[in-house]
Amino acid sequence: QVNITIAGGGATHTPGIVQALFESRDKLPIHELRLYDIDQQKNDDMFVIIQEMMKQLKVKDITLSQTTNPKAAFSNVDFVFSQIRVGDLEMREKDEKIPLKYGLVGQETCGVGGFSYGLRSIKGLLEIVKFVQDYSPDAWILNYTNPESLIAEAVRRKYPNAKILNACDMTISIEETIARNYGYERKNWVAQYYGLNHFGWYTSIFDKSLGRDVMPEIIQKLKKEPMKVASFNAKDPSWQDAWNMLTKNLQLFPDYLPNNYLEYYLFPDIVVNNSNPNYTRANQVMDGRLKETKELAAQIRSNHFDDIHFDFGEHGNYIVDMAASIFNDSHERFMLIVPNVGAIPNLRADSVVEIPAYVGCTGAEPISMRHPINNFHKGLMEAQDAAEKLLVDAYFEHSYQKALQAFTLNQTVPSADKAKKVLDELIVVNKDYWPEL
Ligand code: G6P
Ligand code: MN
């Protein structure tokens, strides 16, 4: 039996993860579930919601608890799922809006907004890793906290032996979305993919039941018309812009199926034009998911609610499947963010890449690509990877100069002058979070 702590337990993604945990008890026999958050109110709301879920789904013999105390959260635990968001949605809003003021992409993980978040996030995640090393050194940390490449790089430098897997649900969400739009069964797929986090390409998607690579036909369909259905939340139309841009990307570069996040690097001007500088994704999430969650907790407390509807998509399943693959040593295949060390032979060994890996009781066994990647992708990745390395240097060395270089090298930024202006403004608003530069 395993004990699991969700760090960032108060986040709106928690019910999806918990539902996946409840559904996976045959392969991951969970004994204790703990919610850890520094925000007592949010953690409390989530505790109430999960308690109600347990009642409705008739889940018994799991001990549910919540705490803001690291020792209570991380002692005697087997898995820690991290989804902390340092600075919460209030700071996400600033990461998005400040770059937009300068005509730059305003996004939580890509562009300079992502770098702003990165300098906050690294500190938060290093703290979690330290807690786990102190209180449960054998536990696995499965990390969803963004921006993942930056975090992976920082944790590797400070705690090279940490038991951590960095994973992102985007590839699986893209696959599921494609499968649902075009009538495939994603579970039959073996995908080849490479890149950095939120920055990569599929090179083939082999369908086991059809016995062929279905990527070429998918590209043909996607090139003609954007997808209409999102996998994660069918009622949430907000991903439509992303699918439109994915189609645009494929019309220009039709050889590889791209991760939709590449839109920020390849079409920053169009993305900025399509953005509302006064109402960004952070506002959508605050007025949507966050508000609904608070209301639901209030309704449960006062006993005025209908059945809760659970429709969470792949996000929760992915992290739970990973834990189960470690627990059972079942070597299932996941897209993970790992040091390259030769997997992509013509890329520097210390790049932090996102590639397929098998996962078992000793962690990740990344799959070597066995062939070099093309110069277009290589150049894009090298610039981004170098920018991220400079930012992590800036974090550890307290270097303004390195931070400025990182911001300037980011491919969403056209001028060093703008890089400096936006960096200086972000330093001011992040004074409680960033290391001193
Ligand atoms: C995907 C990405 C995550 C990201 C999330 C944002 O799941 O893989 O890294 O955090 O989208 O979703 P949101 O609804 O918060 O904008
Ligand atoms: Mn992600």
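Reply: Axes are lines fitted to C-alpha atoms, for helices over the stretch in contact, and angles run from 0 to 180 degrees between N-to-C directions. Helices (H or I, at least four residues) and strands (E, at least two) are DSSP runs, numbered from the N terminus. This is a predicted model, in which local features need pLDDT of at least 70 and side-chain atom pairs count only at pLDDT 80 or more, while totals for chains, interfaces and linings use all residues. Residues are numbered from 1 along each chain as its sequence is written, chains are lettered from A and ligands numbered from 1 in the order in which they are written, and side-chain values use heavy atoms, with hydrogens and water left out.

Me: At what angle do the axes of helix H4 and helix H5 cross?

Reply: The axes of H4 (residues 88-101) and H5 (residues 111-135) cross at roughly 145 degrees and come within 8 Å. A crossing is left-handed if the near helix is turned anticlockwise from the far one by less than a right angle, and right-handed if clockwise; H4 passes H5 in a right-handed crossing.

Me: Which residues in H4 and H5 meet?

Reply: Contact means heavy atoms within 4.5 Å. From H4, Met91, Arg92, Asp95 and Pro99 meet Val112, Gly113, Ser116, Tyr117 and Arg120 of H5.

Me: Is Ser116 buried or exposed?

Reply: Buried means under 20% relative accessible area, exposed over 50%, and partly exposed in between (1.4 Å probe, protein chains only). Ser116 counts as buried because its relative accessibility is 0%. Not counting residues up to four places away in sequence, Ser116 touches Asp95, Leu426, Asn430 and Trp434.

Me: How many cavities of 30 Å³ or more does the count give?

Reply: Rolling a probe the size of a water molecule over the atoms shows where empty space is left. On a 1 Å grid over the protein atoms alone, a cavity is a set of points where a 1.4 Å probe fits but cannot get out, and a pocket is an open set with protein on both sides within 12 Å along at least five of seven lines; lining residues have an atom within 4 Å of a point. Grid points are joined across faces, edges and corners, and a volume is the space filled by probe spheres set on the points. The count comes to 2 cavities. The largest cavity has a volume of about 110 Å³, and of its 15 lining residues the closest to the centre are Thr109, Pro147, Asn197, Gln384 and Glu388. The second largest cavity has a volume of about 60 Å³, and the largest share of its lining, 4 residues, comes from H2.
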